[in-house]
Amino acid sequence: QVQVVESGGGLVQAGGSLRLSCEASNVRFGIKTMGWHRQAPGKERELVAYIHDDGTLKYVDSVKGRFTISRDNAKNTCDLQMDSLKPEDTAVYYCNVFESVQGDWGYNFWGQGTQVTVSS
């Protein structure tokens, strides 16, 4: 099955930047969607951004204008550039990959998560 590995988390001061990277390996079918979710302590996991293989993308309102998602279809990688970080962005960030077997039917895979901490 697909393995998903994230990297790039860390500690940064408010207003700073971090770049998260995600790589999917052992892919048998095409990866339709790659995305980032996050989970803060005591809160539910929420979608941050996703990008389809055709380039269509979506951001949650709270990160619009600050975060930029991108992907390399040939390498099965996805990056999340996070600028103007705020303390409320502190969370564990998870990469999610949807491997499409046929159309919208397929499999979801998650990475292990990477911690992002923004100090005030």
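Which residue in strand 8 does Asp-72 stand opposite? In this predicted model, the residue facing Asp-72 is Thr-77. The pair sits where strand 7 meets strand 8 (residues 77-82), two antiparallel strands joined by six bridges.

An open sheet is built from four strands in the order 1-3-8-7, with antiparallel pairing. Strand 1 (3-7) and strand 7 (67-72) take the edges, and each has just a single partner strand, so one side of each goes without a neighbour in the sheet. Going from one strand to the next, the twist averages 15 degrees.

Strands 4, 5 and 6 make up another run of pairings. Strand 4 (residues 30-39) and strand 5 (residues 46-52) run antiparallel and are held together by six bridges; one of the pairings puts His-37 with Leu-47 of strand 5. The two strands form a hairpin with six residues between them, and here Gly-42 adopts a positive phi near 75 degrees.

Strand 5 then pairs with strand 6 (residues 57-59), again antiparallel, through three bridges. Across this pairing, Tyr-50 stands opposite Lys-58 in strand 6. This hairpin has four residues between its strands, and Gly-55 in the turn shows a positive phi of about 95 degrees.

Phe-29 lies in the loop between strand 3 (18-25) and strand 4, and it counts as partly exposed because its relative accessibility is 33%.

How values were computed:
Residues numbered from 1 in each chain as written. Predicted model: local features only at pLDDT ≥ 70, side-chain atom pairs only at ≥ 80, totals over all residues. Heavy atoms only, no water. Pairing = 2+ DSSP bridges. Buried < 20%, exposed > 50% of the residue type's maximum accessible area, 1.4 Å probe, protein only. Axes fitted to C-alpha atoms, helices over the stretch in contact; angles between N-to-C directions.
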